[in-house]
Amino acid sequence: MKRDARSTARVRRLNQRQRKKLRVGEFTEYVFDVELTFRESIDDDAHSALIDDLFGFIEERGMIGGGFGGRFPLTETSGVITAMERGSPSEDDREAVAQWLRARPEVANVSVHALVDGWHGDSQHGHDRTQ
C-alpha cells in the first residue's frame with residue numbers, strides 16, 4: 001500500500017527539500033475546476049474565440065488553464081486553472097474568473113469549484129463552489 005505523502009506526521013518528518021519535491025506542506029499547489037454550460041451550442045470558431053479570450057484574461061492574472069474542449073458543437077465544457085509559476089491561484093483569482101465568465105453572452109451557467117491540491121487532490125476549503 002502506498003503511503004500518503006500528505007499525512008501530518010509524515011510531513012513533519014520531511015525536510016524542506018523533501019516537502020518541496022513532494023509538493024506538500026508550505027509547497028502545496030492548489031488548482032480549481034471550472035464547468036461551463038452554453039446558451040446555445042457553439043462551433044469551433046466561437047469556442048476558439050472564447051478560449052483565446054479566457055486564456056488571455058487568466059494569463060494577465062498569472063494563471064494558465066487546460067481542458068475546455070469537447071466534441072463540436074459544444075453545449076458544455078470544463079477545465080482546470082492553476083498558477084503559471086509555483087504557487088496557487090487566490091480566492092480573488094477564482095472569483096474573478098467566475099465573474100468574467102458570467103459576463104460572457106454565450107455562457108449560460110458557470111460553476112467554479114473550490115481550490116483543491118493539484119498534485120494530491122484534497123480540497124482546501126471543503127466542497128464550496130461558486131455558482
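Mentor: We begin with confidence: pLDDT is the predictor's confidence in each residue, from 0 to 100, and a contact means heavy atoms within 4.5 Å. This is a predicted model, in which local features need pLDDT of at least 70 and side-chain atom pairs count only at pLDDT 80 or more, while totals for chains, interfaces and linings use all residues. Residues are numbered from 1 along each chain as its sequence is written, and side-chain values use heavy atoms, with hydrogens and water left out.

Trainee: Over which residues does pLDDT stay under 50?

Mentor: That stretch is residues 125–129, for which the model has 10 contacts beyond four places in sequence. For the chain, the mean pLDDT is 90, and 89% of the residues reach 70 or more.

Trainee: How should I read a helix, taking helix 3 as the case?

Mentor: Helices (H or I, at least four residues) and strands (E, at least two) are DSSP runs, numbered from the N terminus. The expected span of a helix is 1.5 Å times one less than its number of residues. Helix 3 has 17 residues and should therefore span 24 Å, which agrees with the 24 Å between its end C-alpha atoms. At its start, a side-chain oxygen of D43 comes to within 3.2 Å of the backbone nitrogen of D45. After helix 3 comes G62, with a positive phi near 80°.

Trainee: Which residues of helix 3 are buried?

Mentor: An α-helix has 3.6 residues a turn, so residues three or four places apart point the same way. Buried means under 20% relative accessible area, exposed over 50%, and partly exposed in between (1.4 Å probe, protein chains only). In helix 3 the buried residues are H47, L50, I51, L54, F57 and I58. Because they cover an arc of only 125° around the axis, they lie on the same side of helix 3; the arc is that of the directions from the helix axis to the C-beta atoms. Strand 1, strand 2, strand 3 and helix 4 are among what covers these buried residues. On the face turned away from the buried side are the exposed residues D45, D52 and E60.

Trainee: How many aromatic pairs does the count come to?

Mentor: A pair of aromatic rings is described by the distance of the centres and the angle of the planes. Rings of Phe, Tyr and Trp (its six-membered ring) pair if their centres lie within 6.5 Å; planes under 30 degrees apart count as stacked, over 60 as edge-to-face and the rest as tilted. The count here is 2 aromatic pairs. F55 and F68 form an edge-to-face pair, 6.1 Å centre to centre with 75° between the planes. F55 lies in helix 3 and F68 in the loop between strand 2 and strand 3, so this pair ties together parts 13 residues apart in sequence. F57 and W100 form a stacked pair, 5.4 Å centre to centre with 15° between the planes. Since F57 belongs to helix 3 and W100 to helix 4, the pair ties together parts that are 43 residues apart in sequence. Both F57 and W100 are buried.

Trainee: What else may be read from the backbone?

Mentor: F68 has a positive phi of about 55° although it is not a glycine, and with 1% relative accessibility F68 counts as buried. In the loop between strand 2 and strand 3 lies P73, and the peptide bond from F72 to P73 is cis, with omega near 0°.

Technical notes: Polar contact = N/O pair within 3.5 Å; in protein donor to acceptor, adjacent residues only side chain to side chain.
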